[in-house]
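The report is meant to be read beside the sequence and the coordinates.

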Amino acid sequence: MEATATLTLSSSPAGARRSPARPTVASLHLRRVPTLSFHLRGAQSPAAFRALSSPFPGCRRRRRGSGMVVRAEMFGQLTTGLESAWNKLRGVDRLTKENIAEPMRDIRRALLEADVSVPVARSFIESVTEKAIGTDVIRGVQPEQQLVKVVNDELVQLMGGEVSDLVFAKTGPTVILLAGLQGVGKTTVCAKLAFYLKKMGKSCMLVAADVYRPAAIDQLTILGKKVGVPVYSEGTEAKPSEIAKNGLKEAKSKKTDVVIVDTAGRLQVDKAMMNELKEVKKAVKPTEILLVVDAMTGQEAAALVGAFNVEIGITGAILTKLDGDSRGGAALSIKEVSGKPIKFIGRGERVEDLEPFYPDRMAQRILGMGDVLSFVEQAQQVMNQEDAEELQKKIMSAKFNFNDFLKQTKAIAQMGSFSRIIGMIPGMNKVTPAQIREAEKNVKFMESMINVMTADERERPELLAESRERRRRVAKDAGKTEQQVSQLVSQLFQMRTRMQKMMAGMQGKDTPDMENLAESIKAEEQVKAAVATGKRRRKYGNLRQRDLDSMRGYRR
Ligand SMILES: Nc1nc2c(ncn2[C@@H]2O[C@H](COP(=O)(O)OP(=O)(O)OP(=O)(O)O)[C@@H](O)[C@H]2O)c(=O)[nH]1
C-alpha cells in the first residue's frame, strides 16, 4: 500500500528546520501506511535538504526538482544500510574471508543503528561470516546475491525461524493475559486480537482489569462495541485478579472460546505491577501470557520481554507500532535476547492492523529483496554443486535411478515458473520454455507411478525393465496403463544414456555443454535402432552393457 501527500515548506533553511520539527502530517501518515512517499517542496539547498530530512531517519530521500521525495518503508534505514554491504561485493567471483570483511562491517553497523544489541549483532555477524565463506559457488548466482541469501536465512533464524501460533486451551475458554508498560498499545491489542480471533470463527470476551486508569475501561468498552465482542468490567474498585476470575466464570457460562484480559501498565517495571500480574495469572491460569512491547523502543523492548519472562513466565510477545519509522532492533532481538517468540505485530491504530509474525516475511521486508531470494533458492535447488557432483557420479557409474530421475524432473519443472533463471545459468539457455512446460505437466504424472514403486525398484530400475509383472503391478497401483509405465522406464534409460553421453563428451570441461543435448538425443535414437538391430557393441562401445541389456529386456 502506498500513499502520497505533499507538504509545502519554506525554502529557507531556518524555515525548513521549523516545519519538520512539527512532523505532524508526516508522522500521521507514517503510522497508517507501511510505505509512503511524499514530496517536500523547498529543499533546494543542501542545508534545507538536511533539515527537511531529519525527522525521517528511516526514509529514503531523493531530490526532485526544487524539492525532495521522502519514501518511508518499514526498517528503511536498516534496508539501506544492508544495501551498501551488497554493493561492495559487486565484481567479486566468490565470497572469501577477505572480501566479505568490509560488507560485514557495514552489516554490523546497520544492525547497531537499527538498535540491535551489541552481543546479538556480534553473534549474527559471526554466524553469517562462517556460512558465507562456506557457501558453495552456485553457477549463475552472483556472490552478493548469495550473501543476501545467507543474511536472509540468518535473519529468519534470529527472529525465531518458524511462525509461533497462538495456543488454544483443549477444554474450556482459552485465556489470553496481556501485560505491558503504559501506552504500548495493550488496550488496542485487546480489540485487535478479538477482531483477529472473530475472523477465525472464535467467540471472544474482553475483561477490563486495568483499574488504575478509568479511561482504560471506557476505551475497552468502546473498542469492544466496535469489534462486536462483550466487555466484562467491574469498575475501578475491585481487585484485578477478582475481575479476571469473575470474567472467566461468565465466559464459561456463555461458552465463550477466548477471554482476553487487559491489565494495567506502569511507566516502568515495578514490584506492584509484577505482583498484580502474578495474582491474575494464579486466578485465571492463562493459556497465553503475552507481553505487549513498543517497537520504537528497540533493544529495550527485547530486554523487557526477558525481564517479564523471568519474573512471570510469559509465552510470547506482541510487537506494536511497527508501522512508520521503527528501526527494527526489537523485531530482530526479542527471540534471541528473551528466548520467547513474537507472536503478533501491530502495524497501525485500527483494529485490523494486527497480523501474525512471520520471521521469513519480516526478513524479506528488511532486505527488500524478495526477487533475489527466490532466484537464489531456485537456482540452488537446480544447480546445487554437491547434488550435481553426486548426480554426475551416479550417471558415470550408471546408477542414475528413479529417485534421481524424480529429483531432476522436479527441479526442471520448478524452474518453469522462474523462466528468467534459465537465461542466467550458463548452458541452460538451450532448454526451451516449451520443454519446461512439458516437464511441468509430466512431473505429476510420473510421480504418481514412481510413488507406488518399491524402494528396490526405485533404486534399481533394471528390476522394472526386466519384469513385466512388476510393470503391471505399478500400473495397477498407480491407476495407469502398462504402456505408460513402460514408457516411464524407457524414459529413465533414455535419460541415463543421454546424460552419460553428455558427461563423457564434456570430461575435462568446467561447465556442462547443453548443446550436446540435441546431439545426445539423436544418438539415443540411434541407440534404439542399434538395440533393435543388434549392432550395439560395434557402434556404441562407450555405453554400458547393462543399460543396453536392460533396455532390450524391457522391450521383451
Ligand atoms: N501507530 C500505531 N499506534 C498504535 C499501535 N498500537 C497502539 N497504538 C496507539 O498507541 C496509543 C496507546 O495505546 P493503548 O492501547 O491505549 O495503550 P495501553 O498499553 O493500553 O496504555 P495504558 O492503558 O496506559 O497502559 C494509542 O494512541 C493507540 O492508538 C500501532 O500498532 N501503531
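This is a predicted model: local features need pLDDT of at least 70, side-chain atom pairs count only at pLDDT 80 or more; totals for chains, interfaces and linings use all residues.

## Helix 10 and helix 11

Two packed helices are described by the angle between their axes and the distance between the axes. For helix 10, which covers residues 240–253, and helix 11, which covers residues 271–284, the axes come within 8 Å and cross at roughly 25°. Because angles under 35 degrees count as roughly parallel, helix 10 is roughly parallel to helix 11. The crossing of helix 10 with helix 11 is right-handed.

On the side of helix 10, the contact is made by Pro-240, Ser-241, Ala-244, Lys-245 and Leu-248, and on the side of helix 11 by Glu-276, Glu-279, Val-280, Ala-283 and Val-284. Divided by class, the residues of this contact between helix 10 and helix 11 are six nonpolar, one polar and three charged.

## Helix 11 and helix 12

Helix 11 also packs with helix 12, residues 299–312, and here the axes come within 10 Å and cross at roughly 55°. This angle makes helix 11 oblique to helix 12, and the crossing of the two is right-handed.

Helix 11 contributes Met-273, Met-274, Leu-277, Lys-278 and Lys-281 to the contact, whereas helix 12 contributes Phe-308, Glu-311 and Ile-312. The contact of helix 11 with helix 12 contains five nonpolar residues and three charged ones, with no polar residue.

## Helix 7 and helix 14

The axes of helix 7, residues 143–158, and helix 14, residues 359–367, come within 8 Å and cross at roughly 135°. That angle makes helix 7 oblique to helix 14, and the crossing of helix 7 and helix 14 is right-handed.

From helix 7, the residues in contact are Val-148, Val-151, Asn-152, Leu-155 and Val-156, and from helix 14 they are Pro-359, Asp-360, Ala-363, Gln-364, Ile-366 and Leu-367. By class, the contact of helix 7 with helix 14 has eight nonpolar, two polar and one charged residue.

## The ligand and its surroundings

The ligand is surrounded by 21 residues, of which the closest are Lys-186, Thr-187, Thr-188, Arg-213 and Asp-323.

Oxygen atoms of the ligand take part in the distances that follow. From the backbone, an N or O atom of Gly-185 lies 2.9 Å from an oxygen atom of the ligand. From side chains, an N or O atom of Thr-187 is 2.6 Å from an oxygen atom of the ligand, and a polar side-chain atom of Arg-213 lies 2.7 Å from an oxygen atom of the ligand.

Methods: Residues are numbered from 1 along each chain as its sequence is written. Side-chain values use heavy atoms; hydrogens and water are left out. Axes are lines fitted to C-alpha atoms, for helices over the stretch in contact, and angles run from 0 to 180 degrees between N-to-C directions. Helices (H or I, at least four residues) and strands (E, at least two) are DSSP runs, numbered from the N terminus. Angles under 35 degrees count as roughly parallel, over 145 as roughly antiparallel, 65 to 115 as roughly perpendicular and the rest as oblique. A crossing is left-handed if the near helix is turned anticlockwise from the far one by less than a right angle, and right-handed if clockwise. Contact means heavy atoms within 4.5 Å. Ala, Val, Leu, Ile, Met, Phe, Trp, Tyr, Cys and Pro count as nonpolar, Asp, Glu, Lys and Arg as charged, and the others, Gly among them, as polar. A residue is near a molecule or strand if one of its heavy atoms lies within 4 Å of it. A polar contact is a pair of N or O atoms within 3.5 Å; within protein, one must be able to donate a hydrogen and the other to accept it, and residues adjacent in sequence count only if both atoms are side-chain atoms.
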